Amino acid sequence: MKRAVTCVYTLLDKLCFVLIAAGFSAIVLILGVQIVLRMVLKAPTMWAEEVCRYLFIWLLFLGGAVAFSRGGHLIVDVLFIKLPKKIQLILTFAYYLVIAGFSCYLAYSGLLYALSQWNRPMYTVSWISLGVVDLCVPVGAVITILYIIRELGRMVVQKERYLETRGGALG
């Protein structure tokens, strides 16, 4: 069972990294072509800026989930590290529960919003639905929830050692 769970999270990590790399590559490529078309050929495209903006939004949600999984978000832990380890563990657990609750709300409301936008096309690329663009919110939230579940599982198994393996305060 543990091996299967590890395999699923490894696959999720790789999928997120591939999507992030592909998204950044697409942005660089699209903007590069846009610059050449605009400056050299004097024939700019209408869709490049909008597509890059929406790709970037997807990257923010995917990258935020990955950063969370690696403890990469900025925290101020001046007081936290002075607390006893048991209190740190309880606060970390509460922190994960709050983030999980907020992520559940984001997943639910984001899905409702994406579904409400499903029949609206992007302005410059009419064959892409705004609902597809808006799916970044529930997708990013669900991935964050999956990473929180992994961290809560590690916390239950490792107890006070968890804080040492994460490098201190939540990170």
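Me: How many salt bridges does the structure hold?

Reply: This is a predicted model, and the structure holds four salt bridges. In reading them, the general idea is to look for a side-chain nitrogen of Lys or Arg within 4 Å of a carboxyl oxygen of Asp or Glu.

Me: Which parts of the chain does the pair Asp13 and Arg150 link?

Reply: This pair links distant parts of the chain, since Asp13 belongs to helix α1 (residues 2–39) and Arg150 to helix α5 (residues 136–158), 137 residues apart.

Me: Are Asp13 and Arg150 buried or exposed?

Reply: Both Asp13 and Arg150 are buried.

Me: Where in the chain do Arg53 and Glu49 lie, and how are they separated?

Reply: Arg53 and Glu49 are four residues apart in helix α2 (residues 48–69), and so they are separated by about one helical turn. The two form a salt bridge in which the closest N and O atoms are 2.9 Å apart. As for accessibility, Arg53 has a relative accessible area of 37%, which means that it is partly exposed.

Me: Which residues are linked in a network of salt bridges?

Reply: Asp13, Arg150, Glu151 and Arg154 are linked in such a network. Within it, the side chains of Arg154 and Glu151 meet in a salt bridge, at 3.0 Å from N to O; these two residues both lie in helix α5, three residues apart, which is about one turn of the helix. Glu151 is buried, with a relative accessible area of 0%, whereas Arg154, at 34%, is partly exposed.

Me: Which residues is Met122 in contact with, leaving aside its neighbours within four places in sequence?

Reply: With those neighbours left aside, Met122 is in contact with Glu50, Val51, Tyr54, Ile128, Leu130 and Val133. Met122 is also one of the residues that touch the most other members of the largest nonpolar core.

Definitions and conventions:
Residues are numbered from 1 along each chain as its sequence is written. This is a predicted model: local features need pLDDT of at least 70, side-chain atom pairs count only at pLDDT 80 or more; totals for chains, interfaces and linings use all residues. Side-chain values use heavy atoms; hydrogens and water are left out. Buried means under 20% relative accessible area, exposed over 50%, partly exposed in between (1.4 Å probe, protein chains only). A nonpolar core is a set of buried Ala, Val, Leu, Ile, Met, Phe, Trp, Tyr and Cys residues joined through side-chain atoms within 4.5 Å. Contact means heavy atoms within 4.5 Å.
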